[in-house]
Amino acid sequence: MLIDGLSFTRAYLGHGVGLRQKHFTRWLSEKPAVDWVEVISENFFARGGRPLAVLEKVRADLPVVMHGVSLSIGSTDPLNAGYLADLKQLAARFQPAWISDHLCWGSHGSRYGHDLWPLPYTVEALNHVVDRVRAVQDILRRQILLENVSSYISFKESTMTEWEFLGEVARRADCGILLDINNIFVSAHNHGFDPYEYLKAVPADRVGQFHLAGHSDKGTHLLDTHDAPVPEAVWELFRSAVRRFGRVSTLVEWDDRIPELDELLAESGKAALLEREELGAQAARVVA
Amino acid sequence: MTLAETQAAFFSLVTDPEQIETRPELGLFDERLRIYANMYLWRLVDGLRNDFPKLAAVVGDDDFSALMSQYLRQHPSEHPDVGQVGRHLVSFLRQNRDPTRREDLADLAELEQARSEVFLEADRRPIDGSAISELGAAFPQARLRLVPALQLRRFEYHVAPVWRSIDDEQAPPAPLAQPNEVAIWRKEFAVYHVVLAAEEAEALRRALSGARLEQVCAAFADQDSPAQAAFAALSSWFVEGWVAALEIDPG
């Protein structure tokens with residue numbers, strides 16, 4: 001059962017970047033020009049030390065969003081109660097604008113792969129994920145957002161498209177969608193579907209956040225590497241997403257070969273600029 | 001296949017990629033499964049390399065990957081935090097000593113692990129040494145409450161010089177079998193370690209176990225100037241931020 005009164009509402013935070021260890025010194029000493037910050041939840045489950053001190057300082061200045069990688073919402077393992085307790089405790093302390101994770105699975109037999117493995121898009125998987133999202137939302141007492149992942153294989157058992165599956169999960173579980181524009185582009189290339197068709201089919205009233213990132217062309221496939229600037233083709237898809245969904249809180253991810261903070265902020269600034277170009281002056285940054 | 005069967009087959013193939021070719025009956029054969037298989041190993045080995053950079057530097061990149069692959073076969077990740085994947089590495093290295101590798105690898109890994117634990121340990125503001133002079137006659141019965149971000153570890157090999165040589169980008173010295181005890185602590189956000197003299201290690205062990213100050217100071221009884229030695233050690237503990245409180249038993 002969902003919590004009474006739970007309904008999806010979309011808060012617009014503006015344009016954010018990920019809080020990464022490489023930039024901790026800057027975050028401790030100044031307030032970089034960005035609207036909000038996303039943290040990898042699991043990186044802050046510690047009892048103390050520098051990461052939490054940095055997050056305390058950042059949270060005092062800016063809205064924070066918690067983004068997890070280990071919820072494993074699609075796994076047939078039981079939900080990890082200890083993990084959810086840690087997540088809830090962190091959320092209670094830092095009051096994130098929202099909590100997100102991925103529409104995937106990453107554990108089996110109590111063993112973690114620390115990866116975002118794709119699901120077969122079947123009715124069985126849909127029912128399973130919907131039940132678990134509801135359970136998680138009951139435990140956390142708040143809605144979560146689920147992100148579409150990049151994938152390299154598909155399952156012959158699938159009876160629906162990824163976007164149909166994503167939309168149905170969000171509708172039936174009453175959760176939000178973190179729409180990763182780069183992941184749509186990567187998966188579209190790898191599986192041969194039209195990324196613009198994907199965008200058109202996603203329920204607009206469920207989209208609470210965008211992710212943007214870079215990827216690598218491996219010849220036989222695109223790999224979601226988060227180690228480079230956002231490619232032009234992904235920016236184009238982002239423009240289309242802005243036209244379709246309007247103002248949506250947007251974050252540039254960069255997790256490997258992380259550049260200096262100023263370069264990351266410039267990528268975030270570019271997202272703000274493109275959004276403004278598509279929507280006009282009403283889409284100016286939340287924080288000037 | 002049910003969802004559970006699909007996930008079992010996928011997990012089996014990704015974590016043991018030799019099956020991708022040898023067990024097509026699992027029904028998931030796809031050359032692109034190797035992407036997931038490669039990422040599985042790469043991600044975990046990379047996580048271990050981040051957590052044990054000195055160990056990686058000493059054994060070299062190729063051997064580190066081989067060693068960690070062996071480790072992961074015995075100890076796959078069982079925790080949602082990838083930072084926990086190395087928590088059995090020290091015991092693995094102790095139980096799987098390889099004569100072709102340095103003998104001090106387990107101790108070096110233990111020092112790295114202890115430093116990581118201390119780095120993320122709970123915060124507790126230390127007090128300064130003036131508190132001890134205010135104890136007066138209560139001094140012998142008082143107890144030190146030490147900060148959580150402080151550990152005492154006993155090693156079979158002398159790994160502190162190995163650590164320093166890697167920091168200095170020098171070739172590490174040969175392993176030296178010499179039992180020693182090392183204090184590892186965090187001051188502000190920086191982590192430090194130091195090899196302690198035997199009597200100071202004993203005093204610290206007593207303090208960590210909650211002994212009274214007279215018992216802590218008795219660890220220096222065999223020194224030429226026991227009171228002076230105890231005073232010097234306790235003073236340094238305050239300077240390094242090891243002491244969170246002084247407690248006096250009621251009554």
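This is a predicted model: local features need pLDDT of at least 70, side-chain atom pairs count only at pLDDT 80 or more; totals for chains, interfaces and linings use all residues.
A residue counts as buried when its relative accessible area is under 20%. Ser240(A) has 15% relative accessibility, so it counts as buried. It sits in helix 8 of chain A.

What does Ser240(A) touch, leaving aside its neighbours within four places in sequence? The contacts are Tyr196(A) and Leu199(A).

## Helix 6 against helix 8 in chain A

Helix 8 of chain A spans residues 232–245, and helix 6 of chain A spans residues 181–191. Their axes come within 9 Å. The crossing angle is roughly 120°. The two helices are therefore oblique to each other. Their crossing is right-handed.

Which residues meet here? Helix 6 of chain A supplies Ile181(A), Asn182(A), Ile184(A) and Phe185(A). Helix 8 of chain A supplies Ala233(A), Val234(A), Leu237(A), Phe238(A) and Ala241(A). Sorted by class, the contact of these helices has 8 nonpolar residues, 1 polar residue and no charged ones.

Most residues other than glycine have a negative phi. Two loop residues of chain A deserve a look on this point. Arg141(A) has a phi near 55°, a positive value, and is not a glycine. His226(A), also not a glycine, has a positive phi of about 55°.

Where do they lie? Arg141(A) is in the loop between helix 4 (123–140) and strand 7 (144–147) of chain A. His226(A) is in the loop between strand 11 (222–223) and helix 8 of chain A. Now take accessibility: is each residue buried or exposed? Arg141(A) has a relative accessible area of 56%, so it is exposed. His226(A) has 11% relative accessibility and therefore counts as buried.

## Helix 1 against helix 3 in chain B

Chain B has its own helix crossing to examine. Helix 1 of chain B covers residues 3–15, and helix 3 of chain B covers residues 33–51. The axes come within 8 Å and cross at roughly 65°. This crossing is right-handed.

On the helix 1 side of chain B, the contact is made by Phe10(B), Leu13(B), Val14(B) and Thr15(B). On the helix 3 side of chain B are Leu33(B), Tyr36(B), Ala37(B) and Tyr40(B). By class, the contact of these two helices has 7 nonpolar residues, 1 polar residue and no charged residues.

## Helix 7 of chain B

Helix 7 of chain B runs over residues 105–119, 15 residues in all. From first C-alpha to last it reaches 21 Å. That is close to the 21 Å expected at 1.5 Å a residue.

How much of helix 7 of chain B is buried? The count is 12 of the 15 residues, so the helix is largely enclosed by the rest of the structure. The buried residues include Leu105(B), Ala106(B), Leu108(B), Leu111(B) and Val118(B). Asp107(B), Glu110(B), Glu112(B) and Arg115(B) are also among the buried residues of this helix.

## Leu208(B) in helix 10 of chain B

Leu208(B) belongs to helix 10 (residues 198–208) of chain B. Its relative accessible area is 38%, so Leu208(B) is partly exposed. Leaving aside its neighbours within four places in sequence, Leu208(B) is in contact with Leu146(B), Leu150(B) and Leu152(B).

How far apart are Leu208(B) and Ser116(B)? In sequence, 92 residues separate them. In space, they are 19 Å apart, C-alpha to C-alpha.

Conventions. Residues are numbered from 1 along each chain as its sequence is written. Chains are lettered from A and ligands numbered from 1 in the order in which they are written. Side-chain values use heavy atoms; hydrogens and water are left out. Axes are lines fitted to C-alpha atoms, for helices over the stretch in contact, and angles run from 0 to 180 degrees between N-to-C directions. Helices (H or I, at least four residues) and strands (E, at least two) are DSSP runs, numbered from the N terminus. Angles under 35 degrees count as roughly parallel, over 145 as roughly antiparallel, 65 to 115 as roughly perpendicular and the rest as oblique. A crossing is left-handed if the near helix is turned anticlockwise from the far one by less than a right angle, and right-handed if clockwise. Contact means heavy atoms within 4.5 Å. Ala, Val, Leu, Ile, Met, Phe, Trp, Tyr, Cys and Pro count as nonpolar, Asp, Glu, Lys and Arg as charged, and the others, Gly among them, as polar. The expected span of a helix is 1.5 Å times one less than its number of residues. Buried means under 20% relative accessible area, exposed over 50%, partly exposed in between (1.4 Å probe, protein chains only).
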